[in-house]
Amino acid sequence: MEHEHHQRRIVRPEESKWTEYFIDTPSLSCSCQQLEESMKEKREKLVKKVGCMIEGYTSSKNNLPEGMKMVDAIERLGVGYHFQEEISRFMAVLNATPAPATENVDMAMAALRFRLLRQHQHNASCDIFESFVDSNGDFKETLRRDVDALLNLYEAAHLGYCEEDLLKSAVVFTTGCLTAMAGTGQLPRHTVEKVDHALTSPTMRRMKRLEAKLYISIYENDEDSNHDILELAKLDFHILQQMHRDEARSFSLWYKELNAGSTLGPYIRVRPVECYFWALCVFYEPRYANARMMFAKLIKIFSFFDDTFDSYGTLEELHLFNQAVQRWDEDGAKQIGGCFGYVMSLLSKTLDEFVAEGASPLGIDCTKKSIKEVSRCMLQEVIWREEGQAPLLHDHLKFSTVSTFYWALACISFVDPMDANDDVGVFGWTMSSPKIIENSATMARLMDDISGHETEKDRSGIPDTVECYMKEHGVRVQVAKKALWCLVEEQWRSMNHEFVSNTVIPVALLQRVINLARLMETTYKTGHGYTVCSGITEPISNVLDTCVFH
């Protein structure tokens, strides 16, 4: 028998309901395809009509509040990608137009203006909210009865920076007020739905496809909704959903043909659709179909990599495997054993295929460098486990933020030729450990550990940040989790600032880093949504399965 420290930790993971689901879903019939073409034609007419509506607000510069509400609805409904130029021109006008004098400020509109500007990388000042604070520094009592003002302030406050204490107070104030109002039973049902939706997750932190699906029903019941925008949102979601379903089916078939289980055995987590869902969170637009497939494939292979370190390899084997990864040596990995050789060969072959398909060679090289760092850090985590160590939280995060694969995922999200990036500038920045990627990776590590503390302890035994915090501060698990949630909030606020202040990297690429954080909000806020995959059945169903037309 192997020495105790060298025994394998094989725990059979939960099975996913989606593994074969889309493989068994038939393609569209000829009649359905004709209907789809008709819907696309109708969508194009509506795109032109709505685009003219945005331009009307921009050119006249009149009634900017109505223009703001329209732009906000368009973006929350998931159709903003059709109007990037029109929205950019509108936002330039909004930014150049002075904010109303403090004595004439409408809280709802002031908060919406602030949020839209920051969402579009304009550094709006939060001083405007000072006029809603009394002499004691508390928000005025009159706000407690204004649901619209509270909702808009709540959403805006989640775009605050670390040093903006007023916006931190605004989150506490609005959360308390909205929670109390929703519980009175006196608000209209539609208003309660809007409040519950906001309190579950603010708009800034939501996966964009999921937000689009859920917001359609909210907007549909809004008395101020625009019929053309609503119809466009429904048509567009349906058309994209059919495309995404086809992609999920193709990806599931790719995974099935790998037949990875025959080599890797029962320790791997079989999650093809979940991996595609992750890719869909990072970019959903039609032009990024190839990028989604690359991203999903790499997520799946990274999962093999993670499972091999956490649940299969002995310490001796993992030392050897890490050495092979550092050399990028497929033959060396094969000499350790079949599983290690399979993972290394599949990873290397897939990255080479990406380059052949047009991915940035420099970006793929940076991805390989990131993977080497992941391997080094994962080995350190296993050493901690085998030696029974729980390091200080700060020391743990130096390694465990890297082992999230988020630097590698950021790299692979930038390699698609559709972006036409300055590769030297983009990947030089990516490999310089920029703060915004560090924020996203730290958030991923903390939320993963908070939600999966009990589950992962049984599966891998690796000491996590919850355990480290408990040991360092001598506190119980719930106290540790609460403290780590506070650190998550700090990462969001730091990320807000990094996004607005970074004028070097294209906005679309920065948004993908933020989307990686939004992914954690979707899959890990209420449960460990990868290992315990039943926790994200509903989000996947909303985005890929259930119809938007009622």
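Reply: Contact here means heavy atoms within 4.5 Å, and helices are DSSP runs of H or I with at least four residues, numbered from the N terminus. This is a predicted model, where local features need pLDDT of at least 70 and side-chain atom pairs count only at pLDDT 80 or more, while totals for chains, interfaces and linings use all residues. Residues are numbered from 1 along each chain as its sequence is written, and side-chain values use heavy atoms, with hydrogens and water left out.

Me: What covers the buried residues of α7?

Reply: The cover includes α2 (64-76), α5 (147-157), α6 (165-182) and α8 (208-220). The buried residues themselves are His190, Thr191, Val192, Val195, His197 and Ala198.

Me: Why does His197 count as buried?

Reply: Buried means under 20% relative accessible area (1.4 Å probe, protein chains only), with exposed over 50% and partly exposed in between. His197 has 9% relative accessibility, so it counts as buried. Leaving aside neighbours within four places in sequence, His197 touches Arg76, Arg206, Glu211, Leu214 and Ile218.

Me: What makes α7 roughly antiparallel to α8?

Reply: Their axes come within 10 Å and cross at roughly 160 degrees. Angles over 145 count as roughly antiparallel (under 35 is roughly parallel, 65 to 115 roughly perpendicular, the rest oblique), so α7 is roughly antiparallel to α8. Axes are lines fitted to C-alpha atoms, for helices over the stretch in contact, and angles run from 0 to 180 degrees between N-to-C directions.

Me: Which residues make that contact?

Reply: His190, Glu193, Lys194 and His197 of α7 meet Glu211, Leu214 and Ile218 of α8.

Notes:
Helices (H or I, at least four residues) and strands (E, at least two) are DSSP runs, numbered from the N terminus.
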